[in-house]
Amino acid sequence: MISFLVDIKLNLGAGHTKRCLNLADELRKYVKVFFIVKDKKNEFSNLIEKKGYKVISLNKIKKTKNSTCIVDGYYFGNTVLKLLKKNFDNLVYINDKKTFNSIFNIVISNFKLKNIRAKGTFLIDDVQYSLVNPLFKNKKKLVRKNIQNLFINFGMSDSMDFTYKSVCLLNKIKDKFNLKSVRIASNKKNYYKYNLKKIASEFSDKVEIKEYRNEIYEVVKSSDLVIGSAGVGLLERMCSGTPSLTIITAKNQELFFTNKNIKKTTLISGSYKKFETKLFINNFLKLYKNFKLREDMAMWGKKIVDGDGA
């Protein structure tokens, strides 16, 4: 039996939940899988249940033989970890940071943990182990010479509102590009979507704003360019061979770029520290005009992330 303890705080975004679901989808072909959460009254908890998984509260776990718990999150203290150690034979940690607790038997990281070794802990650390859903694979994708379809996706949280900032900046330079369609991922309230669509309609006749769930795979694969965050979202774009403009939205995402080849798959255009307006505009126009650059991005992305990490 395998369980997942995933941090489902809304301000963290959906990345933790998505990659655990990717791994769970593979594992349940062979073993029974369920999820453990601190708060069952949560949007991400509902998402897990809709995928057909049993969800139980942390305070209701019981000791089970031949069991493993896979942990994904930053804010589980020693009390929680000791509780897990008491009830599960093996603990696995999906890591996003430079360090980890030595209580774990296995640590999985999508970047190299340089000079870090812990006695009794087995490390699996490289981008090839990134937990990307294989449905993002797109080996036959051809990069169009002209960008027609744009997708803007900063996930379910977007606490710094990079979606709105991106749309406003694109509107400022609308006379410098031509788009057939614009899709924008957002689960915010209707009045927000209305205002966003009003601005986006200034530079595209076909604008769709919604929360993309099962259709997200085809949306990413059919897009000529994606503007979005780093982390899981970037890995999905790389796997699909979709060129992108990336804003680093959290500190842990910076570690991902210690792999220099990943910088060949996207143009970094700002971060949570500073939203660089001029850099964003210059990089967008650079990608819009430079077919060869986008073609190289697609090639490197599929080469680095093959979708078989799970």
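These legends accompany close-up views of a predicted model. Residues are numbered from 1 along each chain as its sequence is written, and side-chain values use heavy atoms, with hydrogens and water left out. Local features need pLDDT of at least 70, side-chain atom pairs count only at pLDDT 80 or more, and totals for chains, interfaces and linings use all residues.

**View 1. Seven strands form an open, parallel sheet.** The order is β3-β2-β1-β4-β5-β6-β7. Strands (E, at least two residues) and helices (H or I, at least four) are DSSP runs, numbered from the N terminus. Two strands pair if DSSP finds at least two bridges between them. β3 (54–57) and β7 (122–125) stand at the edges with a single partner strand each, so one side of each lacks a neighbour in the sheet. From one strand to the next, the twist averages 20°. Axes here are lines fitted to C-alpha atoms, for helices over the stretch in contact; angles run from 0 to 180 degrees between N-to-C directions.

**View 2. β2 (residues 33–37) pairs with β3.** Four bridges join these strands in the parallel sense. Phe34 stands opposite Lys54 in β3. Helix α2 (residues 43–50) packs on the sheet and touches β1, β2 and β3. The direction of α2 makes about 145° with that of β3. Contact means heavy atoms within 4.5 Å.

**View 3. Helix α3 (residues 78–87) has buried and exposed residues.** Buried means under 20% relative accessible area, exposed over 50%, partly exposed in between (1.4 Å probe, protein chains only). Val80, Leu81, Leu84 and Asn87 are buried. Seen down the α3 axis, the buried residues fall within an arc of 130°, so they line one face of the helix. The arc is that of the directions from the helix axis to the C-beta atoms. On the other side, Asn78, Thr79, Lys82 and Lys86 are exposed. The buried residues of α3 pack against β1 (2–6), β4 (68–72) and β5 (90–95).

**View 4. The largest nonpolar core has 32 residues.** Such a core is a set of buried Ala, Val, Leu, Ile, Met, Phe, Trp, Tyr and Cys residues joined through side-chain atoms within 4.5 Å. Leu170, Ile227, Phe280 and Phe284 touch the most other members. Elements supplying at least two residues each include β8 (149–153), α4 (162–172) and β11 (225–229). The largest share, five residues, comes from α8.

**View 5. Ile227 has contacts beyond four places in sequence.** Among them are Leu150, Ile152, Ser166, Leu170, Leu245, Phe280 and Phe284.
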